[in-house]
Amino acid sequence: MNKKADPTIYALSNGGDDELEVLVQTEGGRFVALADTVRLPPGGQRRLRVVFAAPGPGDYNGVLLLEVKKLIGGQKERV
C-alpha cells in the first residue's frame, strides 16, 4: 500500500537584481517535486513542495536537484 506523507516545503529566494529560472528534478523514485520550474523575481521568494510516497516501512533516500539557468550563454549551474 502506498502511503503519501504531507509535502515538505522548501523556501527558495532570490537576493539578486535579475529574475532567476530554477529547474527542479528529483532522483530517488519515491520523491516528487510538485513543480519542474520555479521563477523567482528579483528580491522574491517562492515555495517548492516535495512529496514522498513509500510502499511500506523502510529507509529511503532521494536527491533534490536545483539548476539555475545563467543569463549569459544559457548555461546551467547546480546548487
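Modeller: Leu23 stands opposite Thr37 in S5. This is a predicted model, in which local features need pLDDT of at least 70 and side-chain atom pairs count only at pLDDT 80 or more, while totals for chains, interfaces and linings use all residues. Residues are numbered from 1 along each chain as its sequence is written, and side-chain values use heavy atoms, with hydrogens and water left out.

Biologist: Why are strand S3 and strand S5 said to pair?

Modeller: Strands are DSSP runs of E with at least two residues, numbered from the N terminus, and two of them pair if DSSP finds at least two bridges between them. S3 (residues 20-27) and S5 (residues 37-40) have four bridges in the antiparallel sense, so they count as paired.

Biologist: What makes the contact of Arg39 and Glu21 a salt bridge?

Modeller: The term requires a side-chain nitrogen of Lys or Arg within 4 Å of a carboxyl oxygen of Asp or Glu; here the N to O distance is 3.5 Å, so the pair qualifies. Arg39 lies in strand S5 and Glu21 in strand S3, 18 residues apart.

Biologist: Why is Val38 called buried?

Modeller: Buried means under 20% relative accessible area, exposed over 50%, and partly exposed in between (1.4 Å probe, protein chains only). Val38, which lies in strand S5, has a value of 7% and is therefore buried, whereas Arg39, at 44%, is partly exposed.
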